[in-house]
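Keep the structure open beside you as you read.

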Amino acid sequence: TMKKFFTCLMAVSLLFGMAGCASSNEDKKYAGQTLYVYNWGEYTGQEVIPMFEKQTGAKVVMENFESNEQMYIKVANGDSYDVIVPSDYMIERLISEDLLQKLDKSKLNCMDLLSDGVKGLPYDPNNDYSVPYFWGTVGIVYDKTKVDIKDLEKEGFNIFLDTKYKGDIYLYDSERDSFMMALKALGYSMNTSNDKELNEAYEWLVKCVETMEPEIVTDEIIDNMAQGRKALGLIYSGDAAYVMSENENMGFYMPETGTNLWSDAMVIPKNAKNPELAHEFINFVSSYEGAMDNSSEVGYTSPNKQVMEELSKSDYEGINAYIPRTGNKNDEVFKYDDKTRKTISELFSKVKVIASNS
């Protein structure tokens with residue numbers, strides 16, 4: 001892909017660039033220091049790390065994870081990182097298990113640059129522990145040449161049970177997002193802990209995999225929908241923004257019954273070895289320069305107000321997936337509940353077994 005090509009180019013230019021700037025790093029405050037970052041894959045602009053290294057003289061080592069749960073295991077087991085980027089409900093869990101340190105607000109100069117809509121969320125009401133990195137929603141990406149908008153408006157997430165689209169849908173391989181979709185289709189809260197409602201959602205998903213022949217995917221949905229391979233799928237808004245910028249036949253729809261309003265944010269674990277440099281990194285990523293590179297490349301919505309406004313008028317003009325919907329009372333933020341998490345995990349494993357046997 002284009003992205004991989006750029007990565008190779010970056011690696012080459014970094015090799016040549018490093019030789020030239022070694023001497024100028026001597027006088028930098030953080031020269032010789034290393035920052036350990038643990039982040040999602042393909043979630044950082046190409047220039048963010050090189051720009052930060054150049055500005056500070058520090059070296060950044062970034063590891064990637066594929067799920068909040070994978071990240072949690074390493075952090076809970078005592079692996080040390082300076083900055084990690086979990087999602088809302090996982091931050092709530094990390095705070096409750098005393099695995100994060102409070103931010104030193106005297107070292108942060110970025111909070112005023114960020115949108116109010118993504119600050120003070122229920123999982124960290126005063127932003128004592130977290131600074132937003134990206135935010136967005138979950139919705140339906142659809143091919144306007146194959147899917148009637150009236151079907152979407154009438155059925156919402158129940159379009160995933162409409163046999164007109166049998167064999168032409170993607171489900172997203174995420175237990176939380178799949179149950180969110182099923183619960184919202186049934187008119188329930190996605191944060192329910194009611195066993196009857198959770199079982200109804202399970203039956204809804206079983207019906208979907210038994211009757212609709214869905215393909216269950218993760219990031220493959222991005223390129224596949226950009227190429228118009230199926231009629232519709234469940235997708236994160238930032239991925240939809242990218243798909244729509246690649247293919248004008250693609251649309252993004254959020255059912256009125258509500259969806260998941262999510263945010264991923266930067267936090268500093270309790271056992272971080274370099275919290276001071278971590279605060280510098282959080283400031284840089286939130287700055288106009290860092291946020292612009294991140295958001296213009298990755299496609300997810302920047303918490304930086306100026307970047308969000310500029311990109312919505314340039315790269316993502318006319319793309320409704322870029323700016324998160326606010327003001328729908330049915331949209332919710334995930335809350336952490338360990339018992340419900342286990343139930344959903346077990347039920348979704350069963351759904352996948354049924355899907356593989358259908």
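**A walk through the model**

Lining the largest cavity are L114, P132, Y133, F134, V285, S286, A291, N294, S302, P303 and N304. A cavity here is a set of points, on a 1 Å grid over the protein atoms alone, where a 1.4 Å probe fits but cannot get out, and lining residues have an atom within 4 Å of a point. This is a predicted model, in which local features need pLDDT of at least 70 and side-chain atom pairs count only at pLDDT 80 or more, while totals for chains, interfaces and linings use all residues. Residues are numbered from 1 along each chain as its sequence is written, and side-chain values use heavy atoms, with hydrogens and water left out.

The volume of the largest cavity is about 50 Å³, and the structure holds two cavities of 30 Å³ or more. Such a volume is the space filled by probe spheres set on the grid points, which are joined across faces, edges and corners. Which elements each supply at least two residues of the lining? They are β4, α10 and α11 (288-298), and β4 gives the most, with three residues. Helices (H or I, at least four residues) and strands (E, at least two) are DSSP runs, numbered from the N terminus.

Stay with strand β4 (residues 130-143) for a moment and find G136 there. G136 is buried, at a relative accessible area of 0%; buried means under 20%, exposed over 50%, and partly exposed in between, with a 1.4 Å probe and protein chains only. Leaving aside residues up to four places away in sequence, G136 touches S237, N260, L261, W262 and P324, where contact means heavy atoms within 4.5 Å. G136 and D264 are 128 residues apart in sequence, yet their C-alpha atoms lie 9.0 Å apart in space.

Next, turn to helix α7 (residues 195-211). Its 17 residues should span 24 Å at 1.5 Å a residue, and the end C-alpha atoms are 24 Å apart, which agrees; the expected span is 1.5 Å times one less than the number of residues. Buried residues of α7 include L198, Y202, L205 and V209. An α-helix has 3.6 residues a turn, so residues three or four places apart point the same way. Among the elements that cover the buried residues of α7 are β5 (169-172), α6 (175-185) and α13 (338-357). At the start of α7, a side-chain oxygen of N194 comes within 2.8 Å of the backbone nitrogen of K196. Just after α7, E213 takes a positive phi of about 50°.

Finally, look at the charged pairs. Side chains of opposite charge can pair when their charged atoms come close. Counting a side-chain nitrogen of Lys or Arg within 4 Å of a carboxyl oxygen of Asp or Glu as a salt bridge, the total is 18. One of these joins E276 and K29, at 3.4 Å from N to O. E276 lies in helix α10 (residues 275-286) and K29 in the loop between α1 (2-21) and β1 (34-40), so this pair ties together parts 247 residues apart in sequence. E276 is partly exposed at 36% relative accessible area, whereas K29 is exposed at 61%.

Another salt bridge links E97 and R93, at 3.0 Å from N to O.

Conventions
A polar contact is a pair of N or O atoms within 3.5 Å; within protein, one must be able to donate a hydrogen and the other to accept it, and residues adjacent in sequence count only if both atoms are side-chain atoms. On a 1 Å grid over the protein atoms alone, a cavity is a set of points where a 1.4 Å probe fits but cannot get out, and a pocket is an open set with protein on both sides within 12 Å along at least five of seven lines; lining residues have an atom within 4 Å of a point.
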